[in-house]
Amino acid sequence: MNRRDSAMVVSLSLIWGASFMFIKVADRQFDPAALVFVRLLLACAVLLPAAFLVLGREALGHARRAWKRLVVLGIVNTAIPFLLISWAETRIDSGLAAILQAAVPIFTVLLATRFGDDRVGGRRLAGVLVGLAGVAALIGSPGPGGLLAALAMVLAALAYACGATFGSHMLSGTPPLVVAAVSTSAAMILVAPFGLPRLPRVLPGWKELASIAVLGVAGTGIAYILLYALLRSAGPSRTMLVTYLIPGIAVLYGAVLLGEPLRAISIGALALILVGVALASRGRAGEPRRAALAAASPAD
């Protein structure tokens with residue numbers, strides 16, 4: 001990769017790695033549904049102007065032709081996982097949430113074998129099994145009150161994998177900026193009835209407000225733009241590097257800035273999941289793109 005691509009990989013990793021920490025901080029004074037609504041509202045303020053600036057009226061034409069599929073994508077790839085992650089982090093550490101999120105490419109491979117023409121065997125099968133072993137170890141480790149939250153993170157990872165699989169098959173002809181802007185807008189509208197009534201009645205502290213602002217503007221809006229620019233410039237395989245950096249960065253943020261404990265089982269499970277991702281993602285030519293899109297989901 002050239003310096004520009006390397007800078008985008010590092011930037012995306014730092015942004016999405018920090019997103020888990022910012023969700024944890026915002027959860028202190030925002031209801032999860034309210035958090036997601038404000039985050040999506042801010043993301044739309046970035047993505048919609050960007051889509052019109054880059055594509056002009058052409059963006060409207062693409063949106064009209066694919067709006068039903070974009071609404072489905074907004075539900076599956078944004079609204080559902082955002083809500084699950086925000087709720088889960090009220091009960092488990094941000095680092096643990098990030099590690100569970102790293103399993104998204106594992107589920108993407110499994111879905112590709114079920115609904116596509118991919119086959120899993122040999123090294124890829126070993127990768128799936130190793131990755132799932134890491135997930136299983138974490139699900140059994142959160143302790144009292146954390147089991148449901150860990151399962152919610154697994155469901156969020158599965159939702160991202162479904163979104164990546166659906167998007168790669170059904171929206172391949174739609175410009176990425178239109179996909180990002182319209183699906184995010186659809187998710188924001190769908191979450192609004194749940195988020196608006198739960199907005200804080202008292203002005204939250206500056207840390208919570210700053211966290212939710214960073215989540216919306218940078219963690220969702222700007223990060224989407226960087227993701228698709230990186231996919232065009234460096235390709236899906238190199239974009240997958242973000243997958244390996246995000247959980248470690250998130251764990252580091254949580255430990256250093258939030259005082260979360262570094263547990264041996266979490267580090268071991270992270271190693272298993274990343275090894276599994278590395279093995280399972282070696283497949284056909286179309287698979288790296290789905291894996292990259294799933295792994296680099298902007299809902300972290």
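These are my notebook entries on a predicted model of one protein.

**Entry 1: overall make-up**

I began with the secondary structure. The protein has 13 helices and zero strands. I then looked up burial, and 54% of the 300 residues count as buried. For contacts with a separation of 6 or more, I noted that 90% are between residues 24 or more positions apart.

**Entry 2: the salt bridge**

How many salt bridges does the structure hold? I found one. Its partners are Asp31 and Arg198, whose side chains meet at 3.9 Å, N to O. I traced both residues along the chain. Asp31 is in the loop between α1 (3–26) and α2 (32–55), while Arg198 is in the loop between α8 (176–195) and α9 (206–234). The two are 167 residues apart, and the pair links distant parts of the chain. As a reminder to myself, side chains of opposite charge can pair when their charged atoms come close.

**Entry 3: Gln29 in the loop between α1 and α2**

I stayed with the loop between α1 and α2, where Gln29 also lies. Gln29 is partly exposed, at a relative accessible area of 39%. I checked what Gln29 touches beyond residues up to four places away in sequence, and I listed Pro200, Pro204, Gly205 and Glu208.

**Entry 4: Glu208**

Glu208, one of the contacts of Gln29, is placed in helix α9. Glu208 is buried yet has no salt bridge. Which side chain of opposite charge is nearest to Glu208? I noted Arg28, at 4.2 Å. Leaving out residues up to four places away in sequence, Glu208 touches Val25, Ala26, Arg28, Gln29 and Phe30.

**Entry 5: along α9**

I followed α9 further. Where does α9 bend? The helix bends by about 40 degrees at Ala223. Just after α9, I found Gly235 with a positive phi of about 90 degrees.

**Entry 6: the aromatic pair**

I searched the whole structure for aromatic pairs and found one. Tyr224 and Tyr228 form this pair, which is stacked, with 6.0 Å from centre to centre and 5 degrees between the planes. Both tyrosines lie in helix α9, four residues apart, about one turn of the helix. An α-helix has 3.6 residues a turn, so residues three or four places apart point the same way. I looked up accessibility as well: Tyr224 is buried, with a relative accessible area of 5%, and Tyr228 counts as buried at 13% relative accessibility.

**Entry 7: a charge over a ring**

Over the face of which residue does Arg39 lie? Arg39 lies over the face of Phe82, at 4.2 Å from the ring centre.

Conventions: Residues are numbered from 1 along each chain as its sequence is written. This is a predicted model: local features need pLDDT of at least 70, side-chain atom pairs count only at pLDDT 80 or more; totals for chains, interfaces and linings use all residues. Side-chain values use heavy atoms; hydrogens and water are left out. A salt bridge is a side-chain nitrogen of Lys or Arg within 4 Å of a carboxyl oxygen of Asp or Glu. The bend at a residue is the angle between axes fitted to the seven residues ending there and the seven starting there. Rings of Phe, Tyr and Trp (its six-membered ring) pair if their centres lie within 6.5 Å; planes under 30 degrees apart count as stacked, over 60 as edge-to-face and the rest as tilted. Buried means under 20% relative accessible area, exposed over 50%, partly exposed in between (1.4 Å probe, protein chains only). A charge sits over a ring if NZ of Lys or CZ of Arg is within 6 Å of the ring centre and within 35 degrees of the ring normal. Lys and Arg count as positive and Asp and Glu as negative; His and the chain ends are not counted. Contact means heavy atoms within 4.5 Å.
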